[in-house]
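Let's take a walk through this protein together.

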Amino acid sequence: MHIVESYREGKTVKKRRIASLGNVDGYSEEEIQQFIRTLESLLQNRTSGSIEDFDPKSTLSFGVPYVVQFLWDQLGLTKAIQDGLKDRQVTFDVARYVKAMVCNRLMNPSSKLDLFHTIEDMYLPESGDEPWQLQHFYRALDHLMDMKPQLEKLIYRRLTDLLSFRLSLVLYDLTSTHLSGHHCPIGEHGYSRTHRPDLEQVELGLLVTQDGLPITHEVFAGNTPDKKTVKEILERLKNEFSVEQCVFVGDRGMVTKKNTELLAELKYPYIVGYHKRGRVVSDALLAKYNDISAYTELRGNLSYLEVPASAVEDDEKGQDARYILCHNPIKAKTDEAFRVSALEEAEIALSEYQAWLENPHRDRKTSTQSVMLKVGDILTKKGVQAFLEVQFTDEKLSYKRKEEALAKESLRDGKFVIKTNTNLPAEQVVTSYKTLMNVERAFREIKNFLDVGPVYHWNEKRVRGHIFVCVLAYLFEQEIQVMYRRWWEQREHEAKQIDNAAEREQRLKELNDRWYTGEGIVKELARWHVMKAEFLGKEFLSVPPPPQNLVQVLKALNVPLPAKAIHLRQTSSGTLV
């Protein structure tokens, strides 16, 4: 063994021998320990170091980037992005910037400028030493959109292999997000789901698997009607993803007669829902099938009853159309409570207005027309114009509830109708549509990504790229949820096989306490931080063990535990050979 010193001569790093220790295999353990102690005394304990040599630098967000990196590698996204750009003049690592934006969307959605200023607070493995540049975040969006079709198809194939699913149902829904300014070519005023009709917006159509995993998405101009988006997304499903047979699940606003014909042409059966204001959900239908005890209960607060097509008032029945009336008792209570509260608030507002009318006001002139306009405004704002009868006679305002209208409305509480032309059992039809309702909840998560503020990109390509990053972030969250749910359901199945009732109940209780959604797992991961420090010429991360609940989550996701210390770089030289 030799002690060797590294030194620099000009631009060349050279080494020189300081001492030769001979063949250390011939030394006894006691002699080696004595030799180490002698060296330590000569170097004032600098070889083993002391607490004074430990130099903490900062703390970094670790959990989310660590898991995203693992899943990112499983999908092969870095190589896919590099392959997609191999014939182009690209001067920076696009995959590095896209991955940083995805992690940021999952942990703390913010603007590209905010991300640029806080990027050093995030652990990003394999990020290299090249300094981050703000303009590369924007340019990465351009490159991302150039390879969107290839990336979506690759991700779909990889997820099919990794999660072993066969596509039998596709679910489609639409949302919108508003833009800042008037410079984006596809920004238009339209039906605003963000309740900002004063701002221009774009529409996002998302096609997902039964588990809610995104397959593909499309961004439309902000004034595009829902029904006009279906044709493009369905044709892409068939032509680009080679999906020949599956059931299309969507809301009634998307499936017009033309779209129904398109579904038939593409050989896609459908499942669509009519909520309580849909024209097929008639008073006669609800009155006839009001006995909830006749419904079949499903797990998850939902019951259903398949009704004859002849009982449904639908201009577009179709030869094979079937109708299933559904009832959600929790939603029914929510609907009733909302109506009762709205009525009470409207009556209070009318009473206050009556009191104002009774007080003398200088130069005040009231007319029946002006009073009734004010009354109409009160009732419309509370959504109770159909349930209150209001009169204004002899300068006095009077009102009463329309009990017959309220009785009819109560029949609608928690109810909706599903229409399908499949041969699937009614229970499976309802379960499939319920999955769409879960996707709608997932859309609210995507909207959290999108609506952290208005989208400030004006360039159309970058608006689309920004939304693609949001969808990728949701993809990772949903993949985490699917993997964890499958692990949890397997443990639940095993627990239910336990013969001892007390042990079985205890195991099931423990499992229920460990249930997480994808969003919940991401929140737990976001709390896991590491310390960046320097010690004896080495910069490294000190990784604390994750909490026990996260240990179980990582096990469920097949993500290995990280090392306790992760070496980043050498800051000085000195080598023992």
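**Starting from a tyrosine**

Y66 is buried, with a relative accessible area of 14%; buried means under 20% relative accessible area, exposed over 50%, and partly exposed in between (1.4 Å probe, protein chains only). Before we go on, a note on what you're looking at: this is a predicted model, where local features need pLDDT of at least 70 and side-chain atom pairs count only at pLDDT 80 or more, while totals for chains, interfaces and linings use all residues. Residues are numbered from 1 along each chain as its sequence is written, and side-chain values use heavy atoms, leaving out hydrogens and water.

(Rings of Phe, Tyr and Trp, taking the six-membered ring of Trp, pair if their centres lie within 6.5 Å; planes under 30 degrees apart count as stacked, over 60 as edge-to-face and the rest as tilted.) Y66 lies in helix α2 (residues 63-75) and W528 in the loop between α17 (518-526) and β15 (529-535), so the pair ties together parts that are 462 residues apart in sequence. Helices (H or I, at least four residues) and strands (E, at least two) are DSSP runs, numbered from the N terminus. Like Y66, W528 is buried.

The structure holds 16 aromatic pairs. In one of them, F62 and Y66 are stacked, 5.1 Å centre to centre with 20° between the planes. F62 is buried too, at 1% relative accessibility.

Elsewhere, Y484, W487, W488, W515 and Y516 make up one aromatic cluster. E489 belongs to helix α15 (residues 460-496) and is partly exposed, with a relative accessible area of 40%.

Now hop over to H327 in strand β11 (residues 322-327). Is H327 buried or exposed? It's buried, with a relative accessible area of 10%. Setting aside neighbours within four places in sequence, H327 is in contact (heavy atoms within 4.5 Å) with several residues, including I292, Y295, D413 and K415.

**Zooming out**

The protein chain has 18 helices and 18 strands. Of its 577 residues, 46% count as buried. Among contacts with a separation of 6 or more, 69% are between residues 24 or more positions apart.
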